[in-house]
Amino acid sequence: AESEDAVAIALRHVVENASAPAHEWRRIHGALQLLELLLRRGGTASNSDDILIGRIWFEAKMQRRLEALASFENPEDKRITLLVRRTAAAVQNAAQRSFQRQGGLGPEGPP
């Protein structure tokens with residue numbers, strides 16, 4: 001139960017910070033890195049009890065935000081633009097791999 005609470009707190013943190021304004025790109029980037037880590041850690045487990053992030057949560061809470069971050073812009077520094085975009089893409093890829101391991105399907109449905 002304690003570890004479930006920790007995961008819930010981490011996921012709330014991800015949602016809040018991934019939705020930060022663009023000028024707070026460090027919060028966005030950190031949230032995306034945390035989400036990628038959680039997806040990778042939970043996605044390697046063969047036991048369904050070890051799954052940290054489910055497809056329904058991901059689609060409801062993060063799918064649209066990640067799609068928006070795929071076109072993130074930082075007019076002051078193109079390196080930040082690339083950093084956030086690449087990290088958003090990495091999270092999408094980690095999610096797809098995790099969901100394929102969970103149930104044989106990617107977040108978009110059957111292959």
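Tutor: Start with arginine 27. Arginine 27 pairs with glutamate 24 in a salt bridge, and their closest N and O atoms are 2.4 Å apart. Keep in mind that this is a predicted model.
Student: How many salt bridges does a search of the whole structure find?
Tutor: The search finds 5. Another one of them links arginine 40 and glutamate 36, at 2.7 Å from N to O.
Student: Where do arginine 40 and glutamate 36 sit?
Tutor: Both are in helix H2, residues 25-43. They are 4 residues apart, so about one helical turn separates them.
Student: And is glutamate 36 buried or exposed?
Tutor: Glutamate 36 is buried, because its relative accessibility of 16% is under the 20% cut-off. Arginine 40 is partly exposed, at 36%.
Student: What about lysine 78, which residue does its side chain meet in a salt bridge?
Tutor: Glutamate 73, at 3.6 Å from N to O. Salt bridges with shared partners join Glu73, Lys78 and Arg85 into one network. Lysine 78 is exposed, at 53% relative accessibility. Glutamate 73 is partly exposed, at 43%.
Student: New topic. Where does glutamine 92 lie?
Tutor: In helix H5, residues 78-103. Glutamine 92 is buried, with a relative accessible area of 19%.
Student: Which residues does glutamine 92 touch?
Tutor: Leaving out residues up to four places away in sequence, glutamine 92 touches Phe58, Gln63, Leu66 and Glu67.

Definitions and conventions. Residues numbered from 1 in each chain as written. Predicted model: local features only at pLDDT ≥ 70, side-chain atom pairs only at ≥ 80, totals over all residues. Heavy atoms only, no water. Helix = DSSP H or I, 4+ residues; strand = E, 2+ residues; numbered from the N terminus. Buried < 20%, exposed > 50% of the residue type's maximum accessible area, 1.4 Å probe, protein only. Contact = heavy atoms within 4.5 Å. Salt bridge = Lys/Arg side-chain N within 4 Å of Asp/Glu carboxyl O.
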